[in-house]
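I opened this notebook to record what I looked up in one protein structure. My entries go from the whole chain to single residues.

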Amino acid sequence: LPYQEQVLKVYGDSVVGQRIVAAPDRTMAAWKQLSTELHGLPVPDPKALIETDKSIIILGECTATCEKTYSSPVPLVYTRHTARFL
């Protein structure tokens, strides 16, 4: 299923699902929603909540770095070198 359909299948026709699908950066919107839902859970140890939230933040940063790398163009020198190699 496409991403939009998967999100709407999980969240139904709720505001949360619509917000994630309509966001310009859907992956970051999903990370933010995960963090928001995490803070809504009853947790006996607040340190565990903080550490989990830190992990979500790190995953979001890694996702942003991967998106930046994926969207950057490949220099012409690299493509020519690869073409010669193959």
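I read the order of elements from the N terminus as α-α-α-α-α. I counted five helices and zero strands in the protein chain; helices (H or I, at least four residues) and strands (E, at least two) are DSSP runs, numbered from the N terminus.

I noted that this is a predicted model, in which local features need pLDDT of at least 70, side-chain atom pairs count only at pLDDT 80 or more, and totals for chains, interfaces and linings use all residues. Residues are numbered from 1 along each chain as its sequence is written, and side-chain values use heavy atoms, with hydrogens and water left out.

**Overall form**

I looked up the radius of gyration, taken over C-alpha atoms, and the globule rule, which is 2.2 Å times the number of residues to the power 0.38. The protein chain has 19 Å, whereas a compact globule of 86 residues would have a value near 12 Å. Along the principal axes, the C-alpha atoms fill a box of roughly 60 × 35 × 20 Å.

**Surface and burial**

I recorded an accessible surface of about 7,100 Å² for the protein chain, with 65% belonging to carbon and sulfur atoms; the areas come from the Shrake-Rupley method with a 1.4 Å probe, and for residues only the protein chains shown count as cover. Buried residues make up 16% of the 86 residues. I used these limits: buried means under 20% relative accessible area, exposed over 50%, and partly exposed in between (1.4 Å probe, protein chains only).

**Core and contacts**

Which residues make up the largest nonpolar core? I found five: Val 7, Val 16, Ile 20, Ala 23 and Ala 29. Such a core is a set of buried Ala, Val, Leu, Ile, Met, Phe, Trp, Tyr and Cys residues joined through side-chain atoms within 4.5 Å.

I then checked contacts, meaning heavy atoms within 4.5 Å. Not counting residues up to four places away in sequence, Val 7 touches Gly 12, Gly 17, Ile 20 and Val 21. Of the contacts between residues at least 6 apart in sequence, 22% join residues at least 24 apart.

I located Tyr 3 in helix α1 (residues 3–11). Tyr 3 is partly exposed, because its relative accessible area is 28%. Leaving aside neighbours within four places in sequence, Tyr 3 is in contact with Ile 20, Arg 26 and Ala 30. The C-alpha atoms of Tyr 3 and Arg 26 are separated by 9.4 Å, and these residues are 23 apart along the chain.

Is Gly 60 buried or exposed? Gly 60 counts as buried because its relative accessible area is 6%. I placed Gly 60 in helix α4 (residues 46–71). Not counting residues up to four places away in sequence, Gly 60 touches Met 28 and Trp 31.

I found Pro 44 in the loop between α3 (26–39) and α4. Pro 44 is exposed, because its relative accessible area is 83%.
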